[in-house]
Amino acid sequence: MTIAPHPPTPPDRPEPSVFTPSPREPLPHQLLAALAQHRMATTGQLRLLLRPHATRQAISQPLNRLRTHGLLDYTVLPGSNRTRAWYLTPDGARLTRNWPALRGRPPYPITSATAASLKTPHTLTAVRAHLTFVRDARRRGDEHGHLDWTPEVSHPLSERERVITDAVMHYTLNDGQQRRKLRAFIEIDRTTMSSERLAAKLIDYARLWSHQPQAAGRRRPGQPAESGPLWQRWYPVYPRVLFILTGASPNRLANRIKDLQDMTAQHPLVAALARDVPLGAAVLNDLETHSPSQDVWVPLAGTPERRPWHNLHP
């Protein structure tokens, strides 16, 4: 189905940065792309992501129009004053599957409001975390937009094992004439699993960091030889690993961060990873109250002083 472009609503005041999504691209297309990328988001989250200075109605109208076309639907969050969490229908997923910005991203349609309600807590928490980086990038003049955060990225370790990160973040720091391209594996912790299981995720990242491609004698016929670790297929530098925690008291979250530090110190492979890759943890409320570029990140190795995420060091 072809979507007629919807005239963009002029912002209330000039956009704070050239890295805010361009209003020249039809808003309905941006809404579909954002939901294809993030799986689900509330009306308010989509406004902050795509048109931070537009009215809520300017976002609600095209969302409702897309719903009448059968391309997306919503579930109402319980106890939220009728807050809607939007997601693509199977038709919406098929429409966006081959868009250039989403090429290679597997479709992820949600088939019912019941299925959507089961996914909202974790998915919407991940969008909350992403928005802290989006707002910070606009304030600083860095480059980080609505498609620079890819949820649920899978990396193979073997035919049967995979490391699935909650999100991969791409971020470019602009500091005068210097530009730094940074990447991060993001783990969202809502305190729904044991602290030991959370800390064990560091072992998975350490295994991915150290994992070498299959030996030459075990290659499939015609498959070229590879050298270096497997992660270099996708990244020029191994991404830093960032844990974002929420869903419990400050004391309990502090204990979970301490368990991450203990795992880093005690497990030989994780300790080796920490000597090469920045590792850090922060509380989501601190990111929302301050910003990710403030001193809110606890290093998982080395000196304990809090620092910005981009200043974490091995």
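Two strands are taken to pair if DSSP finds at least two bridges between them. Helices (H or I, at least four residues) and strands (E, at least two) are DSSP runs, numbered from the N terminus. The structure is a predicted model, in which local features need pLDDT of at least 70 and side-chain atom pairs count only at pLDDT 80 or more, while totals for chains, interfaces and linings use all residues. Residues are numbered from 1 along each chain as its sequence is written, and side-chain values use heavy atoms, with hydrogens and water left out.

The protein chain contains nine helices and nine strands. Of its 314 residues, 49% count as buried, where buried means under 20% relative accessible area, exposed over 50%, and partly exposed in between (1.4 Å probe, protein chains only). Among contacts (heavy atoms within 4.5 Å) in the protein chain with a separation of 6 or more, 60% are between residues 24 or more positions apart.

Six strands form an open sheet in the order 4-5-6-7-8-9, with mixed pairing. Its edge strands, strand 4 (149-156) and strand 9, each pair on one side only. Strands of a sheet pair through backbone hydrogen bonds, either parallel or antiparallel. Strand 6 and strand 7 run parallel and are joined by six bridges; along this pairing, Ile 186 stands opposite Leu 242 in strand 7, and Asp 189 opposite Leu 245. On pairing with strand 8, strand 7 is again parallel, over five bridges, with Leu 245 opposite Val 283 in strand 8.

Six of the six residues of strand 7 are buried, so strand 7 is largely enclosed by the rest of the structure. Arg 240, Leu 242 and Ile 244 point one way from the strand, and Val 241, Phe 243 and Leu 245 point the other way. Helix 6 lies across strand 4, strand 5 (162-175), strand 6, strand 7 and strand 8, and runs at about 135° to strand 6. For this angle, axes are lines fitted to C-alpha atoms, for helices over the stretch in contact, and angles run from 0 to 180 degrees between N-to-C directions.

Helix 7 (residues 250-266) has 17 residues and should span 24 Å at 1.5 Å a residue, which agrees with the 24 Å between its end C-alpha atoms; the expected span is 1.5 Å times one less than the number of residues. Its buried residues are Leu 253, Arg 256, Ile 257, Leu 260, Met 263 and Thr 264. Seen down the axis, these buried residues fall within an arc of 110°, so they line one face of helix 7; the arc is that of the directions from the helix axis to the C-beta atoms. They pack against strand 6 (178-189), helix 6 (195-210), strand 7 (240-245), helix 8 (268-274), strand 8 (279-283) and strand 9 (298-299). The face turned away from the buried side of helix 7 carries the exposed residues Asn 251, Ala 265 and Gln 266.

Strand 3 (residues 84-88) has four of its five residues buried, so strand 3 is largely enclosed by the rest of the structure. Strand 1 (residues 41-42) runs antiparallel to strand 3, with two bridges between them, and Ala 41 has Trp 86 as its bridge partner in strand 3. Strand 2 (residues 72-76) is also antiparallel to strand 3, joined by five bridges, and Leu 72 stands opposite Leu 88 in strand 3.
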